[in-house]
Amino acid sequence: MLKSIAVLTSGGDSPGMNAATRAVVRTAIFEKVAVWGVYNGYQGMIADDIHELTSRSVGDIIQRGGTFLGTARSEEFRTEAGRKKALKNLQSHGIEGLVIIGGDGSLRGGALLSELGNMPIVGIPGTIDNDVWGTDYTIGSDTAVNTILDAINKLRDTASSHRRIIVIEVMGRKSGWLAMMAGIAGGAEYILVPEAKFDLSQICRELKSDYERGRRYSIIVVAEGVGSGMEIGKKIGQETGIDTRVSVLGHIQRGGSPSVEDRLKASILGERAALAVISGVSNRVFGFNAGKVVGIDLRDIVNNTKTLDPELVRLANVLA
């Protein structure tokens, strides 16, 4: 059983990271294990921005979005010399194990760090894109998709009032999960994602025909990975002759108080990860599969790519 562990958040912030960190810290303290916070991700690890945490350190944070530990990109950590420096800093504080909360890139960094020594490393998937292989759920995805849905609901009001086409660009450079889930739940007519081919000219012809038959408005959700929402909206407006407006949601999707699901699941995963690393478990990432907590091999996660469920694509086409 380890006597001292650390926790860090890395990559893009996501609602629920604080809940996961809180669970890691309080579980460690409950088990009489010292726990340290690495501030500002891997860059903070290299800079030795590492401080011991108490139960009070994580008080009043479960309801907050973002991450109180901070996060930052680190080019130096990409080098072996940088990772060796980071590992040495952890060891200088007597830290024996590490919990990483982040997305695919952050977990990949953990896999590289684990190759340098025998320090147990455990991960928790935290990213709004829900694109981590091996788990149905990632921290922050539920809050983000509900933020998008709220925007769709509001934009529908102005779209119907003016008989407009509204194009909504959402995050998702490689994964269309956010666009697909919010689009289906929001009743979008078209959902454009990187995982599915589409013919924009055909969509324009269908839209023009629908409006000629009396349609009052249309909602089109676009994942940023398929191209610029502004350019897509411009082409739709030009080809249909229909008033088309574009809303790029941007970083508002990352923020906000986490949902019940993100708070609860983050807390569950935080406890499980803390108990695992304290027990000496390494190279495991804890996620959910069919509602149950599962442990996934860290190397499997970084060597595989999660794909969008084709049934969602089919359903979107049926309901359009």
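1. Strand β6 (residues 165–170) and β9 run parallel and are joined by five bridges. Helices (H or I, at least four residues) and strands (E, at least two) are DSSP runs, numbered from the N terminus, and two strands pair if DSSP finds at least two bridges between them.

2. Before going on, a word on the model: it is predicted, so local features need pLDDT of at least 70, side-chain atom pairs count only at pLDDT 80 or more, and totals for chains, interfaces and linings use all residues. Residues are numbered from 1 along each chain as its sequence is written, and side-chain values use heavy atoms, leaving out hydrogens and water.

3. Back to β6 and β9, which belong to an open sheet of four strands in the order β7-β8-β6-β9, with parallel pairing. Its edge strands, β7 (190–192) and β9 (244–248), each pair on one side only. On average, neighbouring strands here are turned by 15 degrees against each other, direction ignored. Axes are lines fitted to C-alpha atoms, for helices over the stretch in contact, and angles run from 0 to 180 degrees between N-to-C directions.

4. Two helices pack on this sheet. Helix α5 (residues 141–162) touches β6, β8 (218–223) and β9, and its direction makes about 165 degrees with that of β6. Helix α7 (residues 200–212) touches β6, β7 and β8, with about 165 degrees between its direction and that of β7. Contact means heavy atoms within 4.5 Å.

5. Now find the other sheet to look at: an open one of seven strands, ordered β3-β2-β1-β4-β5-β10-β11, with mixed pairing. Here the edge strands are β3 (50–52) and β11 (292–297), each pairing on one side only. Neighbouring strands are turned by 25 degrees against each other on average, direction ignored.

6. Where does Val38 sit? Val38 is found in strand β2. Strand β2 (residues 34–38) pairs with β3 in the antiparallel sense over three bridges, and Val38 stands opposite Ile50 in β3. Val38 is buried, with a relative accessible area of 0%; buried means under 20% relative accessible area, exposed over 50%, and partly exposed in between (1.4 Å probe, protein chains only). Leaving aside residues up to four places away in sequence, Val38 touches several others, among them Ala6, Leu8, Met45 and Leu90.

7. Helix α4 (residues 104–114) lies across β4 (97–102), β5 (121–125) and β10 (284–289), running at about 160 degrees to β4. Its buried residues include Ser106, Leu107 and Leu113. The buried residues of α4 pack against α2 (41–46), α3 (80–92), β4, β5, β10 and α10 (298–303).

8. Helix α9 (residues 260–278) lies across β1 (4–9), β4, β5, β10 and β11, at about 145 degrees to β10. How do α1 and α9 pack, and at what angle? Helix α1 (residues 17–30) meets α9 at about 40 degrees, with the axes 7 Å apart. That makes α1 oblique to α9, because angles under 35 degrees count as roughly parallel, over 145 as roughly antiparallel, 65 to 115 as roughly perpendicular and the rest as oblique.

9. To see this contact, look at Ala19, Ala23 and Thr27, which are among the α1 residues that meet α9, where the partners include Ala266, Gly270 and Ala274. By class, the contact has nine nonpolar, three polar and two charged residues. Ala, Val, Leu, Ile, Met, Phe, Trp, Tyr, Cys and Pro count as nonpolar, Asp, Glu, Lys and Arg as charged, and the others, Gly among them, as polar.
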